[in-house]
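I opened the model today to look up a few local features. My notes follow in the order I took them.

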Amino acid sequence: MKMALPWINRQRGRSFFLTWILFAAFFTSLNAGVTRFEISQREPFAGGKAFGDAGSYERILGKVFFELDPDQPANRNVVDLERAPRNDRGRVELSSDLFILAPVELGKGNGALLYDVNNRGNKLALGFFNYGGGGNDPQSESHAGDGFLMRQGFTLVWSGWDGELLPGKNRLRLCPPVALGEDGDGPITGMVRCEIVPTSEETKRTVINWANHGAYRPTVKGLRQATLTHRVLPGHPRVLVPRAKWQLHVSEVESECASQLPRVELEYPDGLEKGHIYELIYEARDPLVMGTGFTSVRDLIASLKHGTGENHSLLLDGEAVFERAHGFGVSQSGRFLREFVYWGFNADEEGRKVFDGVIPHVSGSGLGSFNHRFAQPTRHAVQHDHHDYPPDRFPFAYELQTDPLSGQTDGILQRSRQSQTTPLILHTQSTSEYWNRSGSLVHTDPLGQRDGDVPDNVRVYFFGGTQHGPSGFPPGRGDGQTLANPADYKPFLRSLLLSLDRWSAGGDEAPPSVYPKIADGQLVAWTQNATAFPEIPGVRYPGVIQRPPFLDFGSRWRTEGIIDHQPPIVRGHYRVLVPRCGVDGNELACLSPPEVAVPVATYTGWRLRSDAAGAPNELVSLSGSYIPFPLTKSAREKSGDPRLSLEERYGTLDRYLAELQEKCQELHEAGYLLSGDIDRTMRVQRERVAPMFAKVSEAVSVSAPPKKISKRTYTYKRIGELEIKADVYRPDDEVARPVLVWIHGGALIMGHREGISGRVRAMAEENGFILLSLDYRLAPETPLPEIISDIEDAFTWLHEKGPALFQADTSRVVVAGGSAGGYLTLTAGFRAAPRPVALLSLWGYGDLIGEWYSQPSPHKRHHPREITREEALKQVPGSPVSDARLRKGNGALFYLHCRQTGTWPQAVSGWDPVSESEKFTPYMPVKNVTADYPPTVLIHGTEDTDVPHEQSTMMVEQFKKHGVEHRLFSIANGEHGLGGGDPKAIDRAYQEAFTFLLARCQEEEKGAQ
């Protein structure tokens, strides 16, 4: 029987789903799925340790058994299922290994199941989310890592889904059925292709598949007529290796699985060349029905969610406990999840949604060799090895697109939309996926000519400056020309998993996508000229990239899932793009880990093979580079490195850590980093970079010990039971010092006193200031006039109490703030008494009622999704708050609604900006500049889409008009916060700004004398 696959025959696909919807009730009695569980082991996990409110966990090990009805509509997408042997009920049987970590008291869990799609039989979730491990047999407390998933109450589930694995080392395996020939007319045969790229010198014997994987059994003819070809590079012609020079060995493997594949090895006495490409093609027999890997996962999750199957091990009082199920997959396993959804398997046999959310991690744009005749699930595609396999094929994107090469119209979500079972999707990828796994095609059209339309239920997060999997530290070179990339995206995954679970439970949506776009000029061709990657001494830029081909597998591929062309014929190529770089070679428009956003090196997603690796200058598979900055200015100048040195960039370890802390806090407030991971990030990076800064200090002969800085918190004002606080940072001495007052930003709606600019904090300490950071009541719970009164009262308190409490020299007070804090800084210039001696406004504003704030914003940053008025108001419950961390709602959502609707002025003041514009005048700096206004420095990015650069130039016009001393530093291409600007220009602006502030303080001191 031939099967028309619905991903090809679209009309039949529509009929299939219509039939399914109309007649699902008639099939209920025929459904099978999980028939029983066999639990072989049940014991405490981590020695019975209690993980917070979830309590102790237990390990549950065993097998799960399935039956499938090949005639069920839900199973018709499984290639060759109709050819599998059936039992006396007319159903196909299979089984898989099972491993579960669950709360001993199931009622203490969070109601969510996390299914970790094992990667080649290996469990990964504990390593990725818990910073733990334990390989394939996690038992101890150390295997639990920091216990994150357990403390959150997740139940972790693993099962076998890959039928080509060999037994051993607790690998999770599927025992799938074998497809049989029609009418008993012998076994099914077909051509199988195996590409081998040796990783060691003079390999004389090797498995033809990956390590720990079986291979399809060669026929007698296959052993006799198999061919082996050789080439050095992918673009070279295949050269036939004489048959007399090599042979195949087939070894049986002991296994309880009747369909176990044998071990097949290639022997080549002359020795295979390291890094060269060898391709074996032979006739094989007995294809496994690999697509049952999808149904096994589908049916297991459905069973756990709905409490079906004999000996069900996770029931509470006889009832199922899971309200939500999420799938997580890394690399191969991420591609599994994409193809699982693509084939429509997120609907179980009764049409119910299986996974509520999925995280395909570092999968790139690929699918897999998971569901066709003679499928090899371990096969993938990168630049130098694993070529011409099915993983890189259309559709690449989640949206519906038309492929200009094949003429198909399709999308990853097309079937799940028809069955109304589409999950929420967080698609996460490193830079390596752009270079090695066609990552850009997830969010562009197939030819890379325009940005795609990412569906509302999908988020795409690009972890800039990272590789496929973080390397250890210190990194090594291995087969590469440069050090491997140690940047760690794992903290993001922890936060995003919790966001996904909240979203699927009906709570706040996951944070906005972050990825580069063609329209913004940040997703570009992969040449060095296009990416603007700098010329770094001793570093070679790639001359190659992985480009997915449009492959012709033969006439039966699209209708029956059968490959007739081995190797397939390349009919064209899709176009891939990569992120644009900043001046240091670090990527723009991305969600970078803190250590990449505040860098000590250039972090790339590509790394080139060394001469010793063979095939030099090809890409090291899925690897990135770590290229440290010069330590000192003199070293940079000597080498000709265009990148600023650590000495010029940060100077001291403390300043570096201050900037890193600021970036961590920014990521936390945006929803990408958990507060608990800030301390870990700071600790890890301090350990890594401290030796570097010690060398900087030694090189520049800095011998004076750093001053110890102490922090104390004061309440400067009380409103009822609300305490409004200020933090004071000062050196541990008795010297009267000038004061820098820091006022945080956040649109008057968000933020808190600990949101201090890292640069400002470090430079304040370096230049001998006491740093005073203020809280103030936040809008809309508190209106604008009362917010300004808090700022005024803070200065009154400083002058009255500061000299006695912390030896403040109140004759030398300067003020600095960013964004809304910049606005309040400028407001302090005419409302604080006595007036400060100087001001530093960072991307601040002087006008409150201009169109930029009183009209709907056109900028994408303000439209990650539409926020309704009802949703916005829920975020600001009405009780006064002076620290956004203590507010029960999410002020950022309220702010987005204000920008989307142009209602910010009225929201923070209660006044209409048109009919009551005069009420704003006493609070607008642009209306209150006089000749005695304090000297002011302004720093602003020219491309700021949150606070227009014109806000600073308007203030400059007033300063000129009234003769106020001032400086404006406009950072070319700088966004809000200066992102995208030239680091050298930014450093120069800050240095000159503090020189300006210090000069005003010194003048004041001389005047007092």
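This is a predicted model: local features need pLDDT of at least 70, side-chain atom pairs count only at pLDDT 80 or more; totals for chains, interfaces and linings use all residues.

**Helix α16, length and bend.** I then checked the span. The helix runs over residues 675-699, which is 25 residues. From first C-alpha to last it reaches 36 Å, close to the 36 Å expected at 1.5 Å a residue. Where does α16 bend? I located the bend at Val689, and it is about 40 degrees. A proline, Pro691, follows within four residues.

**Helices α5 and α6.** I moved on to a helix pair. Two packed helices are described by the angle between their axes and the distance between the axes. For α5 (residues 292-306) and α6 (residues 332-342), I noted an angle of about 85 degrees and axes 11 Å apart. The angle falls within 65 to 115 degrees, so α5 is roughly perpendicular to α6. Which residues make the contact? On α5 I listed Gly293, Phe294, Val297 and Arg298. On α6 I listed Phe336, Glu339 and Phe340. By type, the contact residues divide into four nonpolar, one polar and two charged.

**Backbone checks.** Most residues other than glycine have a negative phi, and most peptide bonds are trans. I recorded a cis peptide bond between Gln566 and Pro567, with omega about 0 degrees. Pro567 sits in the loop between α11 (557-560) and β26 (569-573). Another cis peptide bond joins Ala779 and Pro780, again with omega about 0 degrees. I placed Pro780 in the loop between β33 (770-774) and α18 (784-806).

Then I turned to phi. Ala46 has a positive phi, near 55 degrees, and is not a glycine. I found Ala46 in the loop between β1 (33-44) and β2 (57-68). Is Ala46 buried or exposed? Its relative accessibility is 5%, so I count Ala46 as buried. Tyr131 also has a positive phi, near 55 degrees. Tyr131 belongs to the loop between α2 (125-129) and α3 (148-151).

**Two loop residues.** Val735 lies in the loop between β31 (722-731) and β32 (737-743). I noted a relative accessible area of 46%, so Val735 is partly exposed. What does Val735 contact, leaving aside neighbours within four places in sequence? I found Arg730 and Gln807.

Gly720 is in the loop between β30 (709-719) and β31. With a relative accessible area of 71%, Gly720 is exposed. Gly720 and Ala985 are 265 residues apart in sequence. In space I noted 46 Å between them, C-alpha to C-alpha.

Notes: Residues are numbered from 1 along each chain as its sequence is written. Side-chain values use heavy atoms; hydrogens and water are left out. Axes are lines fitted to C-alpha atoms, for helices over the stretch in contact, and angles run from 0 to 180 degrees between N-to-C directions. Angles under 35 degrees count as roughly parallel, over 145 as roughly antiparallel, 65 to 115 as roughly perpendicular and the rest as oblique. Contact means heavy atoms within 4.5 Å. Ala, Val, Leu, Ile, Met, Phe, Trp, Tyr, Cys and Pro count as nonpolar, Asp, Glu, Lys and Arg as charged, and the others, Gly among them, as polar. The expected span of a helix is 1.5 Å times one less than its number of residues. The bend at a residue is the angle between axes fitted to the seven residues ending there and the seven starting there. Buried means under 20% relative accessible area, exposed over 50%, partly exposed in between (1.4 Å probe, protein chains only).
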